[in-house]
Amino acid sequence: MSKLPFVFLNTLTGKKEPFQPKNPEEVKLYSCGPTVYNFAHIGNIRSFLFVDILRRALLLGGYKLNQSMNITDIDDKIIRESIAKKISVEEFTKPWTEAFFQDLESLNILKIEHYPKATESIEAMVDMIQSLEKEGLVYEKDGSLYFSITKFSEYGKLSKIDVSGMKSGARYDADEYEKEDVRDFVLWKNTKIEDEKFWNTAIGKGRPGWHLECSAMIRKVYGSGVDIHTGGIDLLFPHHENEIAQSKGAYPNEEFVNLWLHCEHLLVDGEKMSKSKGNFYTLRDLLEKGYDPIQIRFYLISAHYRSKLNFSLAKLDEAKISLERIQGTVERVLEKGNLWAKVNSIPIYETWTPKLDEIQKLRKEFLDGFSDDLNLPKVLAACFELVRYSNLVLDKTDVSEEVLLEIIQLFIQMNGLLGVIAFEKKKVELIGISESYILEKIQERKEKKLNKDFASADTIRKELESMGIQLVDTKEGQTVWKKIQ
């Protein structure tokens, strides 16, 4: 199968570059995952969705993936919380890890090949520290081991941070610290707190520093480097800069990462998310407000991953209307051709050449969109153009099954990327009314409106509303119905 040519903006070079994996049959992709100490907030969710879109895009492009996302189940916050609750680190992180996977499932995020845990990768971390010691990049202070960044000449190339003014010997013990503040970072922490989680290892008793974890887990899963490394823009410095220092420092003759991709910040009502401002949302918060997870998915993937996304509940409501337009059109196509039974046999990831000129054009716009650095706004523009075209076709009295199948096949491929459309017939419980009756009334209302008898048309609408059926007139001039909740 031929591979779709992609271009991505590489954070390391600041330029768009053709995607050239070492092995297209095993693209190695690593993404920074959650720190499992609480529910994921919507900023985290956006970055996880970005990774899902990347996976889906590469699969649609004909590539085979070997993908990882780490689970950080040991760090300062986790230790602090587990000690406060008087339970083990494992007991503390277990429900939060389960909640993370539940969130992924509810958002229709595809499962990947590996989810390595930090606590299960200690041996790999010790091996990396020992390699760094051999390269002369480690020093000890008060029982902890630190990386000396002045001895690593490439430090700062990813983040463009200037290390020339760094004070020699200035150190950070904390896993996280202020951006732009350049200091040596801890690799291995000596235990300082009573009841603190630790491991007895060849380099002493202690636990890993947070920055070491991803470098070691990449090494453990792949044996060397990866084609693509992703994460939120907030991880660019110091975390990803420190990853490069550790991995290249320990194994200077190996390529660590070929392509760096970073997802931009999510703002809420134009401001940084903060619990004190009352604009902090987890996925669970939104679900409790009655929002559907697929609606949330649709909204959070709608902007380009390198653009800041300004989240608001009002815009989330608008996303619901847009998603209903797509879903309503798909259901009309399936109903018109009675394609419900055939839709599951249509492949998602196979190469396909449409016969219809309009479908060929829209499919090309779709492919060009996501292969150009995951340009989702361009993809969605092609999707809504397909909605418009589909409704024009559906208005015709006679439409061949071949035409309807080409339309639905393109919707299926688009959904292979978007993951927001349902292709199963909804089971709607209707009490005292049949679907055929509703459709007859919709047709009758349409005829009344054509004859400019708007009063009678409105009477039909109100009659159905009293039966619990809402009519929605789309921008394409069609009428769809749904049960009032």
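## Strand β12 and Cys263

Strands here are DSSP runs of at least two residues in state E, numbered from the N terminus, and in this predicted model Cys263 lies in one of them, strand β12, which covers residues 257–263. Because buried means under 20% relative accessible area, Cys263, with a value of 2%, counts as buried.

Once its neighbours within four places in sequence are set aside, Cys263 is in contact with Arg46, Ser47, Phe50, Gly231, Gly232, Ile233 and Tyr305. Between Cys263 and Phe298 there are 35 residues in sequence, and their C-alpha atoms are 16 Å apart in space.

## The nonpolar cores

The largest nonpolar core has 91 residues, and those with the most contacts inside it are Leu58, Phe311, Phe370, Ile408 and Phe411. Helix α1, residues 42–60, gives the largest share of this core, namely twelve residues.

Which residues does Leu58 touch, leaving aside its neighbours within four places in sequence? Leu58 is in contact with Phe6, Phe8, Phe19, Leu29, Tyr63, Leu65 and Ile228.

## Where α1 crosses α8

The axes of helices α1 and α8 come within 10 Å, and they cross at roughly 80°, which means that α1 is roughly perpendicular to α8. On the α1 side the contact is made by Ile42, Ile45, Arg46, Leu49, Asp52, Ile53 and Arg56, while α8 contributes Arg297, Leu300 and Ile301. Sorted by kind, the residues of this contact are six nonpolar, no polar and four charged.

## Helix α9

The buried residues of α9 include Leu316, Ala319, Leu323, Ile326 and Val330. In an α-helix there are 3.6 residues a turn, so residues three or four places apart point the same way. The buried residues of α9 pack against α7 (283–288), α8 (293–301), β14 (309–311), α11 (376–394) and α12 (401–418).

Apart from neighbours within four places in sequence, Lys441 is in contact with Ile460, Glu463 and Leu464.

Definitions and conventions:
Residues numbered from 1 in each chain as written. Predicted model: local features only at pLDDT ≥ 70, side-chain atom pairs only at ≥ 80, totals over all residues. Heavy atoms only, no water. Buried < 20%, exposed > 50% of the residue type's maximum accessible area, 1.4 Å probe, protein only. Helix = DSSP H or I, 4+ residues; strand = E, 2+ residues; numbered from the N terminus. Contact = heavy atoms within 4.5 Å. Core = buried A, V, L, I, M, F, W, Y, C linked by side-chain atoms within 4.5 Å. Axes fitted to C-alpha atoms, helices over the stretch in contact; angles between N-to-C directions. Parallel < 35°, antiparallel > 145°, perpendicular 65-115°, else oblique. Nonpolar A, V, L, I, M, F, W, Y, C, P; charged D, E, K, R; others polar.
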